[in-house]
Amino acid sequence: MAEDRSVSIEVVYRGIFQKTLAQRICRSVVLAARKKGHTGTAFARYGDSPERNGVPAKQFAVVAADELELEASMAKYEPSVVDVSIAVDDTLVKGVESWAWYGRQPIWKPVRANGWLLVTSDKKPDEVLAQTDTAERPYTLGIVPGGASFAGLWVYKDDHTDFRVLGALAKILPQWIALDDAKAASLELAKGDRSAVASVQYGYDSTTMRPVKAGEGTSGHEVLQFKKPGWTTMRPGIIVEARKPGERNPYYKKYGARTMRPVVNFDTCIKCTMCWLDCPDECFEVTPEGHYEVVYEACIGCGICAQVCPVKDCIVMVDELKFTDNKDKWQLWKQDRPTYNAWFEDMSGVSADPKRGAAGSVPPNANPAANPTTSAGGDE
Amino acid sequence: MAVEVKPKETSEVETEQLATGCEAIAEAIRLADVDVMAAYPIRPYDGVMQAAAKLIANGKMDVEYIVADGEHSQFEIVKHACAVGARVFVGSSGVGWFYAFEAIAVTAGLRLPVVAICGNRALDDPGAFGTEHNDSLAVRDLGWLLPWAETAQEALDLALMAWRVAEDKRVSLPVAIGLDGAFLTHSQHIVKIPTQAAVDKFLPKFDLGDRLLHPDNPITIAPQVDQDWLMEIRRQNDAAMRSALGVIREAHADFKRIFGRGGDSPFLDEYMTDDAEVVVIGQGTLSLPMKVAIRRLRKEQGLRIGLVRLKWFRPFPTEEVVKSLRRFKAVGVIDRDYSFGSPYYGGVLYNEIRSALYSQAKRPVIVGFIAGLGGREIEQPMATEIFEKTMAAAKGDLAAGDTCHWIGVRE
């Protein structure tokens, strides 16, 4: 599609928690561009609905010079190529797995050469890049300052993430979205609240751009790709293999839903079974000693285990971007407790020995606001 | 109250019964050793309910007989029973069939070989019990095999064919046998009841193979699929329907060999067509008054006329239909159904026949007739009118744009 005739933008977001946010961003793009006389369409990827908590989902905005140009982007579930991909939670850069058989896809997968990846994050560009799959083509990584904005299905956390993102888009796509138009559109969307205009300006001024060359990024993430069978090789009767006892779905890993992951202090665990019982994804395995270890391949990071655990700081939810693999950790604890406990303290920011007190002054990563299931996060 | 089930009757010779179409179907259920049947009363299908219940009460048949709370449940019950390996039977009529529509649609999608009868009945409102084929025909695009019977004997024979074809792994699709309400479902006729040994020879045990839903074979049936998968699933149904033609031919040949009945073609029953210039084609019992008319008109007027009765509407035997009908100067298609607003305002069969013949360089003139709706009898003057109009069309006397005629309707 001719870059000067239309522009495609996708928002990658956490299902349910960021649905309204994604919708507002996509609508604001079209409405702001409309002020220049452009036309456009905004839509959610149909197959993502009904959304699942935290499972990556996508919404899109396509703006075109005229209706004829826009036709090439209509009657589609998703654009195959986008000019800009916007990840509204920085842990999404570890990869996007939306559905069974979809596989795990690099966050930049649909971004055209020399396009943009905008990420809302409190981190520095290089920290985010370190967890992003190795680039196959050059793009520009833009960090829109601010943590991930999570809400619920029926409420919206009106923290102006949408307006900051719109400001950032006005900066990179001035031919489509003029800054003044973005401000005018935001003022309408905020029903006259002038702080929206300030947020657009903030996004415009404060987004950090980091050019990424092909080859930059990490190759540490799991490759998860499947070839779908044809009608001659599919089983007749709409039948799929069910999982055998103890077997997990090879076509859908779900860990891509995680913004935080639980780490366990096996020394303070009282083997009460609560985490194992209440885990909605049955991702705890019983160790020979009767401890419960997390199978990180299956954990969606919902945080229920940490909530039900009766022992303080025995299960701690930690920012997913701190981890570079999904390896289970109990073996390490079994073989070398001091090393394991040092790892636990480094990750969680709390002491492995409750008698000793806090490991550091401030838990650096246990950010409750980023966890939709803790009392401090979510709808409040 | 428990009913004592007597050992299977081991009659070694074919017997005769005076039986309605529904009773003939009940005999087929017994002979096929059906495991589960689900029932819910609606006329005229409920004749089968009563006949089957009588066989069970008399200790002649052992079948799990489930009376459902409505047709939707009724069709769901057999669908699920079939998925766990039961040979099943079900049926309904008219609007009852429509109430089950969701279950009917998914049964074909899931490739479950449910065998049903549709006791053809006009759709309410107004209430009418007589036959019209729109109930069966409503499922024509969904992957159900749709044969129509002419006599009680053929009802029994088609039922045995139905399980054989439906359960064949190359097909694995449901079958709904069309039985004209009253004329066939509730009229008694001499029916030959085959021996159990002959039926066992013709009809193998039902085996779903690796599609059996069982704890030892953990599978998930019918997950959410969306656009990534659905087209391949539809294509599988298409392939199954295509292979059904060959499987029906095989089964028909075996049927003739084992039971000594069945006619030349599994798909078409031709009557006095050898020297015919003009024929009519239709489905079900309307063939009977038309045959009477053919004999009469041949004798009285020397008309070279005949009849082609279509036995299977789905899969549509295109090759056989084309080969047969292209020999004639004109073909009158008699629809005991309606398709309001369709091309040329014809019935369903009319437009299917026209479509099948379209690719032929030499093709007969085709005239459509809507007749016998709501179970109205096709009387001899109507049959005469149908042949007269078709003969006129063969001579080129057909007024343009006047290709479909309502027969026997009061002005």
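Domain bounds here come from an automatic or database domain assignment. The model itself is predicted.

Start with chain B. It is divided into domain 1, residues 15-259, and domain 2, residues 268-406. The C-alpha centres of these two domains of chain B lie 28 Å apart. Their contact takes 26 residues from domain 1 of chain B and 19 residues from domain 2 of chain B.

Which elements of domain 1 of chain B give two or more residues to the side that touches domain 2 of chain B? They are α6 (134-137), β6 (146-147), β7 (175-180) and α9 (230-259) of chain B. The largest share of that side, four residues, comes from α9(B). By class, the residues on this side of domain 1 of chain B are 16 nonpolar, six polar and four charged.

Now turn to chain A. Its secondary structure comes to ten helices and twelve strands. The radius of gyration of chain A is 22 Å, close to the 21 Å that the globule rule gives for 380 residues, so chain A is as compact as a globular protein of that length. The C-alpha trace of chain A spans about 70 × 60 × 40 Å along its principal axes. Of its 380 residues, 44% count as buried. Take the contacts in chain A between residues at least 6 apart in sequence: 74% of them join residues at least 24 apart.

Finally, look at where the chains meet. Here 15 residues of chain A are in contact with 18 residues of chain B. The chain A side has nine nonpolar, three polar and three charged residues. Strand β8 of chain A (residues 239-241) runs antiparallel to strand β9 of chain B (residues 219-221), and three bridges join them. In one of these pairings, Ile239(A) has Ile221(B) as its bridge partner in β9(B).

Technical notes. Residues are numbered from 1 along each chain as its sequence is written. Chains are lettered from A and ligands numbered from 1 in the order in which they are written. This is a predicted model: local features need pLDDT of at least 70, side-chain atom pairs count only at pLDDT 80 or more; totals for chains, interfaces and linings use all residues. Two residues are in contact if their C-beta atoms, placed from the backbone, lie within 7 Å. Ala, Val, Leu, Ile, Met, Phe, Trp, Tyr, Cys and Pro count as nonpolar, Asp, Glu, Lys and Arg as charged, and the others, Gly among them, as polar. Two strands pair if DSSP finds at least two bridges between them. The radius of gyration is taken over C-alpha atoms; the globule rule is 2.2 Å times the number of residues to the power 0.38. A residue is buried if 20 or more other C-beta atoms lie within 10 Å of its own, exposed if 12 or fewer, and partly exposed in between; C-beta atoms are placed from the backbone.
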